[in-house]
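Here's a quick briefing to read alongside the model. Have the sequence and the 3D view open as you go.

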Amino acid sequence: MAKDLTSRENDYSQWYNELVTKADLAEHSSVRGCMVIKPYGYSIWEKMQAVLDKKFKDTGHSNAYFPLFIPKSFLSKEAAHVEGFAKECAVVTHYRLKTDPETGGVVVDPDAKLEEELIVRPTSETIIWNTYKGWIQSYRDLPILVNQWANVVRWEMRTRLFLRTAEFLWQEGHTAHATADEAIAETEQMLDVYADFVENWMALPVVKGRKTPNERFAGALDTYCIEALMQDGKALQAGTSHFLGQNFAKAFDVKFTGKDGKLDYVWATSWGVSTRLMGALVMAHSDDDGLVLPPMLAPIQVVVVPIYKSDEEAEKITEVVNKLKKDLEAKGISVKYDNRDTQRPGFKFAEWELKGVPVRIAIGARDLENQTVEVARRDTKEKMVLQMNDLANKVEHLLEEIQNNIYQKAKAFRADNITKVDTYEEFKQVLANKGGFVSAHWDGSPETEQKIKDETKATIRCIPLDNPLEEGKCILTGNPSTQRVLFAIAY
């Protein structure tokens with residue numbers, strides 16, 4: 001199987017695009033800016049969903065579903081929110097088509113114009129808080145802990161599979177609380193949930209932090225985020241959790257009677273991750289030969305390839321493989337027995353390497369005689385010969401080792417690519433020649449932040465939550481600063 005992937009060193013962007021399509025994760029659709037997530041790619045997203053969904057439910061949240069369409073007037077009620085999304089909104093203006101008598105095709109019926117335009121959901125705060133108004137009267141109705149799995153539309157001009165598409169899949173949590181402290185605790189809790197998932201399932205280390213006012217979610221009082229580093233030295237925002245204060249409650253007049261009998265506005269949060277995590281998974285770990293998937297999220301964790309010259313050999317191998325498959329599946333390990341007779345073993349090896357299957361086992365007639373198998377690791381390309389006895393336990397431990405190795409490799413890469421600088425010249429040189437996270441002093445001014453962004457394309461990814469206080473001078477203005485922040489060029 002010829003992979004013919006562009007190397008990361010030659011063109012990282014092209015390598016990514018080719019890998020996503022050739023590994024059968026996704027492809028461009030006939031609808032501009034939208035993608036088709038193919039079965040193999042969707043199976044990874046399903047595993048992500050399953051893990052996250054359990055985490056949400058374990059922390060007391062329930063799933064619900066809200067409309068795809070949002071009345072335009074709803075978006076007008078929260079000024080900062082509408083300003084943040086106005087340029088990305090798709091708008092429904094008519095509700096009917098009719099046949100064109102001249103061409104025989106269909107056209108929009110001009111008589112079927114909506115009285116009020118509908119916005120195709122870019123995010124759901126407004127429609128949900130309009131709904132919560134009917135759900136909340138008293139402190140007894142709080143907290144509301146709801147999550148929604150859905151699609152959203154943000155009209156992007158420059159699209160890229162998984163990273164930036166006009167339509168994408170995500171989950172969005174929307175919670176309502178009686179106090180600010182409860183809402184802030186929820187915001188921080190969900191950030192921890194995301195960080196745990198990305199680090200322990202995706203094997204990708206993250207920095208937990210706060211966004212600057214310039215980078216906050218539209219309509220939030222505070223935005224928490226997890227930031228990850230890709231192999232090309234660019235940052236990727238892997239998840240966000242927002243403390244919305246009482247902004248949306250005031251916009252939609254959502255009040256509750258407290259234990260003291262007084263009326264007050266409800267406190268809110270929202271939080272979400274999207275199919276952008278699929279892009280992160282590809283970019284953080286994969287190599288020039290294809291995907292490198294952490295075993296915890298790989299749709300197929302072990303592939304077994306038989307090598308035989310006769311039907312009789314094939315039958316004997318299959319008998320052994322069926323037992324091994326049963327033993328592995330009893331441990332919760334997903335196994336694919338690739339006994340296709342239409343492809344040679346070399347083709348299969350290359351295909352499953354491209355698709356990132358963590359462990360490949362090859363069994364031939366000689367292996368049966370010796371009671372051994374050849375095992376290949378996807379992460380290091382290392383091959384080893386293992387005895388068949390207790391093989392399921394050996395493979396289970398190997399998968400754990402691979403998961404940890406992938407994480408440690410990504411962690412070491414990040415450590416090597418966080419650079420402290422003290423001058424603007426150093427800052428620009430690091431961005432131009434090395435990339436990665438740049439740790440530098442900033443004077444806290446939005447104007448300084450914007451000027452640095454305009455001149456270098458680097459943004460403040462976050463103010464790390466575990467930041468040590470440190471006296472210093474802003475790299476641009478020389479004004480005093482109390483701590484460093486993380487800059488990077490980002491996706």
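The side chains of Lys325 and Glu329 meet in a salt bridge, with N and O 2.8 Å apart (a salt bridge being a side-chain nitrogen of Lys or Arg within 4 Å of a carboxyl oxygen of Asp or Glu). This is a predicted model, where local features need pLDDT of at least 70, side-chain atom pairs count only at pLDDT 80 or more, and totals for chains, interfaces and linings use all residues. Residues are numbered from 1 along each chain as its sequence is written, and side-chain values use heavy atoms, leaving out hydrogens and water.

**Salt bridges**

- Lys325 and Glu329 both sit in helix H9 (residues 311-330), four residues apart, or about one turn of the helix; helices (H or I, at least four residues) and strands (E, at least two) are DSSP runs numbered from the N terminus.
- Lys325 is partly exposed at 24% relative accessible area, and Glu329 is partly exposed at 40% (buried is under 20%, exposed over 50%, partly exposed in between, with a 1.4 Å probe and protein chains only).
- The structure holds 31 salt bridges.
- Another one pairs Lys72 with Glu117, the closest N and O atoms being 3.2 Å apart.
- Lys72 is in helix H3 (residues 72-75) and Glu117 in strand E8 (residues 113-120), so this pair ties together parts 45 residues apart in sequence.
- Arg377 forms a salt bridge with Glu401, with the closest N and O atoms 2.6 Å apart.
- That pair links distant parts of the chain, with Arg377 in strand E20 (residues 372-377) and Glu401 in helix H12 (residues 391-416), 24 residues apart.
- Arg377 counts as buried at 6% relative accessibility, whereas Glu401 is partly exposed at 43%.
- Asp24, Glu27, Lys38 and Lys355 are linked in a salt-bridge network.

**Helix packing**

- The axes of helix H2 (residues 39-58) and helix H8 (residues 276-285) come within 10 Å and cross at roughly 110° (axes are lines fitted to C-alpha atoms, for helices over the stretch in contact, with angles from 0 to 180 degrees between N-to-C directions).
- H2 and H8 are therefore roughly perpendicular (65 to 115 degrees; under 35 is roughly parallel, over 145 roughly antiparallel, the rest oblique).
- Gly41, Ile44, Trp45 and Met48 of H2 make the contact with Leu277, Met278 and Leu281 of H8 (contact means heavy atoms within 4.5 Å).

**Helix H10**

- Seven of the 10 residues of H10 (residues 345-354) are buried, so this helix is largely enclosed by the rest of the structure.
- Cover for those buried residues includes helix H1 (12-22) and strand E17 (302-307).
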